[in-house]
Amino acid sequence: MRYIAGVDVGNNTTEIAIGEVSGKGKVRFLSSAMVRTVGIKGTLRNVIGIIDALDLALQPLAIQRKDLSVVLLNEATPVIGDIAMETITETIITESAMIGHNPSTPGGQGLGLGQTIGLPELAAVAADAQPWVVIIPGTAEFADAAEQLKRALSRGLKIAGAIVQKDDGVLINNRLPQPIPIVDEVKFIDRVPVGMPAALEVAQPGRTIEKLSNPFDIATLFHLDPEETRKVVPIARALMGTRSAVVIKTPKGDIEERRIPAGKIILLGHRQKVEVPVDEGADAIMAKVADVYPMEEVQAEPGTNVGGMFEHVRQVMADLTDQPVSTIRVQDILAVDTFKPQQILGSLAGEYALGNAVGLAAMVHTQKLPMQRLARKLEEEIGIQTMVGGVEADMAIRGALTTPGTDAPLAIVDVGGGSTDASVINTSCEIKSTHQAGAGDMVTMLINTELGLEDFDLAENIKKYPLAKVESLFHMRHEDGSVQFFQQALDPRLFGRVVVLTDSGPLPLETRQLLSKIVDVRRQAKRKVFVKNALRALERVAPANNIRLISFVAMVGGSGLDFEIPSMISDALQEYGVVTGRANVRGTEGPRNAVATGLVLAYAEEFGG
Ligand code: ADP
Ligand code: MG
């Protein structure tokens, strides 16, 4: 009788399986555990995580570390994924100004058109037909500002609207004899140009502006010619969906547009070399990637957007693996179309427009990872014989085959953080595998950028859990439309907020995005990465590249835990007549622990008890 521990060190997670081996092929699994991987996969720092995980797995058992006969490490696939994202076009607007945002309480409503003027100057101008848009700086008290506006109105001046620095829109409006549109919370009020034609719009509560988000209405208001109209498109786009907005025509009023070349990707296959311009989009790029497969190397045109992105990826890889940049070769990419919020120069309240972008995950085959070195170090630390037990993909298949209801020929798709690996085993036990760029981390990146969160952990939560809207202190509406009631009042801080339903309770989102928008971004990101990658991975490993020839597909890896990916992939594979599902390793572990389990099984088969 021997106690054996299988250890799978991944880029994200270190997993352990402990089994009792009593004879050739006779294994009883006793426990499993997982921890976050410490350090980069393949480095000596991994030992800290491995020991933690071992102790965690031993905790519920009657045996101790010293009772283990052997510890088996995976022969980790030397692939590392990295992700980058670059905007294809960049629009810089100069000498034009606009304000458009969603202050919680703009004043009044409607559309106003007039010439900008500072509040102190108002008293000095004579009454005529000229309507004014009054700029009210933060130094002015709302009662005082309202008083001055009233005085101007009684002198017969026309006030078309006001731009206010503080959150005083409603307070000022309530004191006026007739309502005017007021946009407040304008941070950079000192940048608002004076003496210029300005249009100002405030929508009814619950509605969004209609005129200033439409280029033709802006053209109508400011008498723009067709060329000028084309150039206000980014302004109109940035103002879409806001409750209030101001557009000001500045003296020169010219808008300068600059395009940074997106650049080309160069695909070097075994047989051919193909170039694809990045601005043809992700579909065009991926079609060429499929054509050129098997790939030797992917390069990018220097001095362009995509060139810069590639340099960055290779530099990161070089640092991680401690190799010179010149030896780093990108071997697979996954391109997806995405949007990236971009600051618009000339904005007065930090507005942005969504620019088209391409997100790229790259995969690099490094030198063989020094797992032997890691094994020696671990052996030294714990005093237990440690060996490198088997190739990761083969072990994953073995582990996945313990899923009840599976049999060879079986394909697995291992969706981790950095890469998506697929393997297939045929009835003669031959295994074929592939590694591809792009997995869970890329989905998180897409969610992070498309929603403009700048918070990777939050994006990770949005990826993992469903959303709900807390509509009252006693009920929330889930994203599927169902309503849940509560006996006890919810935390008042959640009131009216979109929340992520994490395992540790609802987490409010600091964003004004609509729930439906967030759900849409989340689903699209998963489709673009997981479904696309699962399909191309299976095509590569399937006999004759034909997915129809595979009968079972089991998903393993951390992303296999995702609450909606398995159904998305299974929908996509349905047309091929494949039985698809999340693996349930050993009937108990779900999609986790396949490699660790496989290691113990392989050992038992070879050496017995
Ligand atoms: P690796 O094999 O590279 O160590 P894992 O198999 O641990 O990676 O997978 C890591 C990925 O799994 C991460 O992208 C993480 O966000 C994702 N993940 C982990 N748990 C969940 C979950 N409950 N739902 C969705 N994704 C998850
Ligand atoms: Mg893994």
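**Entry 1: the loop at P294**

I started with P294, which I found in the loop between helix 7 (282-292) and strand 15 (295-300). The model I am reading is a predicted one, so I keep that in mind for every angle below. My interest here was the peptide bond: Y293 and P294 are joined in the cis form, with omega at about 0°.

A cis peptide bond links A408 to P409, and here omega is about -5°.

Next I went through the phi angles. E185 has a positive phi of about 55°, although E185 is not a glycine. Most residues other than glycine have a negative phi. Where does E185 lie? I found E185 in the loop between strand 10 (182-183) and strand 11 (197-202).

**Entry 2: domains**

Domain 1 is made of 1-78 + 367-404 + 591-609, and domain 2 of 82-88 + 259-365. Domain 3 covers 95-253, while domain 4 takes 405-466 + 504-583. How far apart are the C-alpha centres of domain 1 and domain 3? I get 66 Å.

**Entry 3: the sheet 3-2-1-4-18**

I turned to the sheets. One open sheet holds five strands in the order 3-2-1-4-18, and its pairing is mixed. At the edges I see strand 3 (26-36) and strand 18 (385-391), each of which pairs on one side only. Neighbouring strands here are turned by 25° against each other on average, with direction ignored.

For a closer look I picked strand 1 (residues 2-9) and strand 4 (residues 68-75), which run parallel and are joined by five bridges. Which residue of strand 4 is the bridge partner of G6? My note says L72.

I followed strand 20 (residues 419-425) along strand 21: the two pair in the antiparallel sense over seven bridges. Within this pair, S419 stands opposite A437 of strand 21.

**Entry 4: a hairpin**

Strand 25 (residues 498-502) and strand 26 (residues 505-508) run antiparallel and are joined by four bridges. How many residues does the hairpin use to join strand 25 to strand 26? I noted two residues. Across this pair, V499 stands opposite P508 of strand 26.

**Entry 5: around ligand 1**

My list of residues surrounding ligand 1 has 17 entries, and the closest are N12, T13, E460, K463 and G558.

What kinds of residues form the shell around ligand 1? I sorted them into one nonpolar, 10 polar and six charged.

- With T13, an N or O atom of the side chain lies 2.3 Å from an oxygen atom of ligand 1.
- With E460, the distance from a side-chain N or O atom to an oxygen atom of ligand 1 is 2.2 Å.
- With S559, a polar backbone atom is 3.2 Å from an oxygen atom of ligand 1.

On its own, ligand 1 has 580 Å² of accessible area, and the protein covers 85% of that.

Where does the shell come from? Helix 11 (440-450) and helix 12 (456-464) each supply at least two of its residues. Helix 12 gives the largest share of the shell, three residues. In terms of domains, domain 1 and domain 4 each contribute at least three residues to the shell around ligand 1.

Definitions and conventions: Residues are numbered from 1 along each chain as its sequence is written. Chains are lettered from A and ligands numbered from 1 in the order in which they are written. This is a predicted model: local features need pLDDT of at least 70, side-chain atom pairs count only at pLDDT 80 or more; totals for chains, interfaces and linings use all residues. Side-chain values use heavy atoms; hydrogens and water are left out. A residue is near a molecule or strand if one of its heavy atoms lies within 4 Å of it. A polar contact is a pair of N or O atoms within 3.5 Å; within protein, one must be able to donate a hydrogen and the other to accept it, and residues adjacent in sequence count only if both atoms are side-chain atoms. Accessible areas come from the Shrake-Rupley method with a 1.4 Å probe; for residues, only the protein chains shown count as cover. Ala, Val, Leu, Ile, Met, Phe, Trp, Tyr, Cys and Pro count as nonpolar, Asp, Glu, Lys and Arg as charged, and the others, Gly among them, as polar. Domain bounds come from an automatic or database domain assignment. Two strands pair if DSSP finds at least two bridges between them. Axes are lines fitted to C-alpha atoms, for helices over the stretch in contact, and angles run from 0 to 180 degrees between N-to-C directions.
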